[in-house]
Amino acid sequence: MLRPRRRGLRLAVPAIVLGAVLAAPGVAAAAPPHEADTSHRTDASLRQLADRHRLPIGTAADDAALTSDAAYREDITTEFSSVTAENVMKWESLEPERGQYDWAAADRLVETAEANGQQVRGHVLIWHSQLPDWLTENEASISTEEFREIVRNHIQTVVGRYKGRIAEWDVVNEAFSDTGGLRDSIFLRKLGPGYIADAFRWAHEADPKATLFYNDYSAEDVNRKSNEAYALIKDFVATGVPIDGFGMQAHHSANYAPTTMRENIQRFAALGLVTAVTEADVRMQLPVDGTKLQAQANVFSVLLSSCLAERSCISFTSWGFTDKYSWVPNTFEGQGAALFLDENLQAKPAYEAMRNDLLLTEPVRGKRGHGRG
Ligand code: G3I
């Protein structure tokens, strides 16, 4: 049930335009067969509108907010067809003590998503951050062989537990540094650069049907970081490493919109890979004003419409949806307001911009959904 709070704000697209869009050939036929096509409603949610494109639209879910905030929970269900665990599937959360897994929060997220008919993006298997102390504090005393076994075991335990239930996994996250080359991490130091390919091999063994992603930030455009990822992934494809996707986190600021994102998506598609926008948000210098909100709406629109227009882009996820729980103010001093609902869960211009993109863009995904290449 939609709450009244946003009803008045959802009329940005005139009914006459809506009528024209929905009268276009093939539009009605594009609705998934199991669900009624509700995209003609002027109050349709992002989820309903994205269904017409066969594009899972998702958000990172904050475990504490899910537990304590009913309005937040309602919005997650109404607005999104995909969820990503913001923190509870990270290594420090799942295995705080060596050999002692705590699955409670991750299981809850997966079960809730399934009950709500949502897909789950798994985040994250190999990342240099949010690792358990027992691992990082014993770097020197753990042998290379033992470390390799720990990493293999972690990946296969986590992927294996959710086999068949997690559609997309971020297998390796942020392996490239901001200054070029592979990031100096515990994984690189202990295992050398081959850890990336091995992580994909181990994840694929544990769930051969999951779509396996390399994921990074500042990689939406064709630029140094995405070039380095492209070169590595091209080599993986040539040598049979089981990688399926390139994830673009898309943490942006309102004063910069990507300019070469579709070109970037297309070159990965030409390698046979899918892509996804995995962590979109668009921060701004506080205080908020109307100009910044419009600039933010424009950046969200570029991100979403770039994904919508390319069949190989198989999901669009924002890193949260309300400013109430965003990670941004804790990390970027003086910045915030990075999402499309404000702290009271009211729509900002970015929300309407995204709805308009979903309403007005011609669907490109056929009956089988996304396509590679
Ligand atoms: O674990 C403590 C918890 O016990 C305590 O109650 C709480 C109180 O503030 O702090 C908790 O830890 C915080 C954790 O989030 C869980 O809320 C950490 O201090 C905080 O640093 C951590 O931040 C997360 C950040 O990753 C860590 O790097 C953010 O929530 C999360 O949004 C962010 O997500 C990353 C993606 O995984 C990868 N890409 C970048 C993205 C943004 O940094």
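**Notebook: disulfide, ligand shell, aromatic rings**

I started with Cys 307, which is buried at a relative accessible area of 0% (buried is under 20%, exposed over 50%, partly exposed in between, with a 1.4 Å probe and protein chains only). This is a predicted model, so I keep in mind that local features need pLDDT of at least 70 and side-chain atom pairs pLDDT 80 or more, while totals for chains, interfaces and linings use all residues. Residues are numbered from 1 along each chain as its sequence is written, and side-chain values use heavy atoms, without hydrogens or water.

**Disulfide.** Which cysteine does Cys 307 join? Its partner is Cys 313, with S to S at 2.1 Å (the cut-off for the sulfur pair is 2.5 Å). Cys 313 is buried too, also with a relative accessible area of 0%. I read the S-S torsion as about -95 degrees, so this disulfide is left-handed.

Glu 86 has a polar side-chain atom 2.4 Å from a ligand oxygen. Gln 130 puts a side-chain N or O atom 3.4 Å from a ligand oxygen. Glu 174 has a polar side-chain atom 3.0 Å from a ligand nitrogen. On area, the ligand taken alone exposes 790 Å², and the protein buries 47% of that (Shrake-Rupley, 1.4 Å probe).

**Aromatic rings.** I count 17 aromatic pairs (ring centres within 6.5 Å; planes under 30 degrees apart are stacked, over 60 edge-to-face, the rest tilted). I checked Trp 327 and Phe 332: their centres are 5.6 Å apart and their planes at 70 degrees, so the pair is edge-to-face. Trp 327 is partly exposed at 23% relative accessibility, and Phe 332 is partly exposed at 24%. Last, I wrote down one aromatic cluster, formed by Tyr 72, Phe 80, Phe 300, Phe 321, Tyr 325, Phe 340 and Tyr 351.

Notes. A polar contact is a pair of N or O atoms within 3.5 Å; within protein, one must be able to donate a hydrogen and the other to accept it, and residues adjacent in sequence count only if both atoms are side-chain atoms. Rings of Phe, Tyr and Trp (its six-membered ring) pair if their centres lie within 6.5 Å; planes under 30 degrees apart count as stacked, over 60 as edge-to-face and the rest as tilted.
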